Amino acid sequence: MNLPIEKLQQLSTPYYYYDTDLLVATLAEVKSHLTSDFHVHYAVKANANPTILRHICKAGLGCDCVSGGEIEACLRAGFSADKIVYAGVGKADWEINLGLDAGIFCFNCESTEELAIINELAAAKNKVARVALRINPNVGAHTHANITTGLAENKFGIAMEDMEQVIGLCEAASHIEFVGLHFHIGSQILEMDDFVALCHRINELQDRLEARGISVANLNVGGGLGIDYEQPQQHPVPNFRDYFATYRQHLKLRPGQQLHFELGRAIVGQCGALLTRVLYIKNARVKKFCIVDAGMTDLIRPALYGALHQISNLTSDEPQEVYDVVGPICESSDVFATNYALATAHRGDMLALLSAGAYGEIMASQYNCRMLPKGYCTEDL
Ligand code: LLP
């Protein structure tokens, strides 16, 4: 990403900066691999900055929401309701009603209990709810345990064994239209073999359904494509070519069947950075701490998943020194990096934590009565 240092130095830290030129280039790359039967719904949970949403909407993508708040944010950003898919194990009545009133493309339904409520609420409005069933494919992904979702022990989705029975329930329900199947195996997945395993599983399930004369109009394979956190500046755009080619090669689409994706991180991850200033260089007995004004309240990924975001000192070109880069929060896990080599840092230096466009600003909290970080885009400077 491009970091316009002089302009960035004028803003008070900590804050997020989004290189929307990189976002636009990333979106163009995504679109170059799509055909008319491939549809990408941006996973809004990764970043709901209004300017970012508007760019994604302008590029023609749909969106994947997991709450009423996200549906509202997408409608405000200009997305048309018929491109919104809505997942989540705990949809509240007002959220289902919002989806029904807006006329979203479909509810990704995660249980028979939820299906019954959607049917009831749709009946009360004399509407028919389009429903895709989220099936738990029991496919593992090589990623952090907290972000795998497709295993039988996870709370998500309907067990494969129950699929035919639940499709039967959809067909029997007066105000439900069964429109497809939905899957998602996890996030930050870099091995295409994990997606191949999902394709094989879906092929098996489709064969089972076909034998019973059940056809499926839409398949939704979720998201999960990872980004290069180690070398973000060398690989600013993720490997969409291999990702889409994997599905084209391994997933047996039936004639007319539409394939949907829910990519979040891969679209926005590399275009964002968290900007922070050095408060103190603390020379402790065993370590040198670089204490910055951003903390785990601004970017929780290192504390929550042990994630490493590359850190660049934008205002020093002195030889490197090794630091533990830490925030000001009263928690021992408020550490961005340990034994990290950084151009010699001084009080006031400006650091950028890279690859922070996804699951950064949106996961910020006000713990310790801190202010939420702001987000600025290229066009805001
Ligand atoms: N679809 C579903 C059903 C999901 O649960 C998710 C992410 C996505 C799509 C988008 O996945 P992506 O393409 O972004 O990998 N906070 C964690 C990531 C949590 C992902 C949750 N679900 C992190 O910072 O790594």
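Ala, Val, Leu, Ile, Met, Phe, Trp, Tyr, Cys and Pro count here as nonpolar, Asp, Glu, Lys and Arg as charged, and the others, Gly among them, as polar. On that scheme the shell around the ligand divides into six nonpolar, six polar and six charged residues. The model is predicted.

**Ligand site**

The ligand has 18 residues around it, and among these Ser187, Glu262, Arg301, Tyr305 and Tyr359 come nearest.

| Residue | Protein atom | Ligand atom | Distance |
|---|---|---|---|
| Glycine 224 | backbone N or O | oxygen | 2.9 Å |
| Arginine 265 | polar backbone atom | oxygen | 2.8 Å |
| Tyrosine 305 | polar side-chain atom | nitrogen | 2.8 Å |

On its own the ligand has 590 Å² of accessible area, and the protein covers 92% of that area.

**Leucine 314**

Leucine 314 is found between strand E13 (311-313) and strand E14 (320-326), in the loop that joins them. Is leucine 314 buried or exposed? Its relative accessibility is 15%, and because buried means under 20%, leucine 314 counts as buried.

Which residues does leucine 314 touch, leaving aside its neighbours within four places in sequence? With those set aside, leucine 314 is in contact with Leu3, Ile5, Leu275, Met350 and Ala352.

Note on methods: Residues are numbered from 1 along each chain as its sequence is written. This is a predicted model: local features need pLDDT of at least 70, side-chain atom pairs count only at pLDDT 80 or more; totals for chains, interfaces and linings use all residues. Side-chain values use heavy atoms; hydrogens and water are left out. Helices (H or I, at least four residues) and strands (E, at least two) are DSSP runs, numbered from the N terminus. Buried means under 20% relative accessible area, exposed over 50%, partly exposed in between (1.4 Å probe, protein chains only). Contact means heavy atoms within 4.5 Å. A residue is near a molecule or strand if one of its heavy atoms lies within 4 Å of it. A polar contact is a pair of N or O atoms within 3.5 Å; within protein, one must be able to donate a hydrogen and the other to accept it, and residues adjacent in sequence count only if both atoms are side-chain atoms. Accessible areas come from the Shrake-Rupley method with a 1.4 Å probe; for residues, only the protein chains shown count as cover.
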